[in-house]
Amino acid sequence: MSIILGKILLALIFLLSISKGSDAQFEDYCVADEQASEYDLIGAMNWACSNGANCSAIQENQPCYLPNTPKDHASYAFNSYYQNMKRLGGGCYFTATAVLTGADPSHDSCKFEYIP
């Protein structure tokens, strides 16, 4: 019995040492919730763009302007805010219009920023 407990303890110590020394992190992106209304997305996007998001890429003739939809523009703005502000306590909520995802939402020339 004590041999089994020793092996379990050794395995736990090994796993803890790996996780502490590992720089591997899961990337997380903040995007618009598919169920949010366009009205709510526009209001939340405007707030994000005024409070820490860099929304220059979703302006006309910029790399993230197309597709020109509230959902796509809000996703970019939400992620920009989240990446810039998460270390200062900023979240990905935006009055229930946003969700976190591990899938990179970048497309074509539009690159969504990820800051570890």
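The loop between helix H3 and strand S2 (98-101) holds Thr95. The structure is a predicted model. Thr95 has a positive phi of about 45°, although it is not a glycine. Thr95 is also exposed, since its relative accessible area is 63% and the cut-off for exposure is over 50%.

With a relative accessible area of 72%, Asp108 is exposed. Most residues other than glycine have a negative phi, and most peptide bonds are trans. The peptide bond from Leu66 to Pro67 is cis, with omega near 0°. A glycine with positive phi is found just after H2: Gly52, at about 130°.

Helix H2 itself comprises residues 38-50. Its 13 residues should span 18 Å at 1.5 Å a residue. The end C-alpha atoms are 18 Å apart, in agreement with that expectation. Four residues of H2 are buried, namely Leu41, Ala44, Met45 and Ala48. Seen down the helix axis, the buried residues fall within an arc of 105°, so they line one face of H2. The face turned away from this buried side carries the exposed residues Tyr39 and Ser50. What do the buried residues of H2 pack against? Their partners are strand S1 (29-32) and helix H3 (70-85).

Two packed helices are described by the angle between their axes and the distance between the axes. The axes of H2 and H3 come within 9 Å and cross at roughly 35°. The crossing of H2 past H3 is left-handed. On the H2 side, the contact is made by Glu38, Leu41, Ile42, Ala44, Met45, Trp47, Ala48 and Cys49. On the H3 side, Pro70, Lys71, His73, Ala74, Ala77, Phe78 and Tyr81 take part. By class, the residues of this contact divide into 12 nonpolar, one polar and two charged. The buried residues Leu41, Ala44, Met45 and Ala48 are among the H2 residues that meet H3.

Two residues of H3 were examined in more detail. His73 is found in this helix and belongs to its contact with H2. His73 is buried, because its relative accessible area is 8% and the limit is under 20%. Not counting residues up to four places away in sequence, His73 touches Met45, Ile58, Cys64, Tyr65, Pro67 and Asn68. Met45 is one of the buried residues of H2.

At 9% relative accessibility, Tyr82 counts as buried. Its contacts, again without residues up to four places away in sequence, are Asp28, Cys30, Gly90, Gly91, Cys92 and Leu100. Tyr82 and Tyr114 are 32 residues apart in sequence. In space, their C-alpha atoms are 9.3 Å apart.

Note on methods
Residues numbered from 1 in each chain as written. Predicted model: local features only at pLDDT ≥ 70, side-chain atom pairs only at ≥ 80, totals over all residues. Heavy atoms only, no water. Expected span 1.5 Å × (residues − 1). Buried < 20%, exposed > 50% of the residue type's maximum accessible area, 1.4 Å probe, protein only. Arc of directions from axis to C-beta. Contact = heavy atoms within 4.5 Å. Axes fitted to C-alpha atoms, helices over the stretch in contact; angles between N-to-C directions. Left-handed = near helix turned anticlockwise from the far one by under 90°. Nonpolar A, V, L, I, M, F, W, Y, C, P; charged D, E, K, R; others polar.
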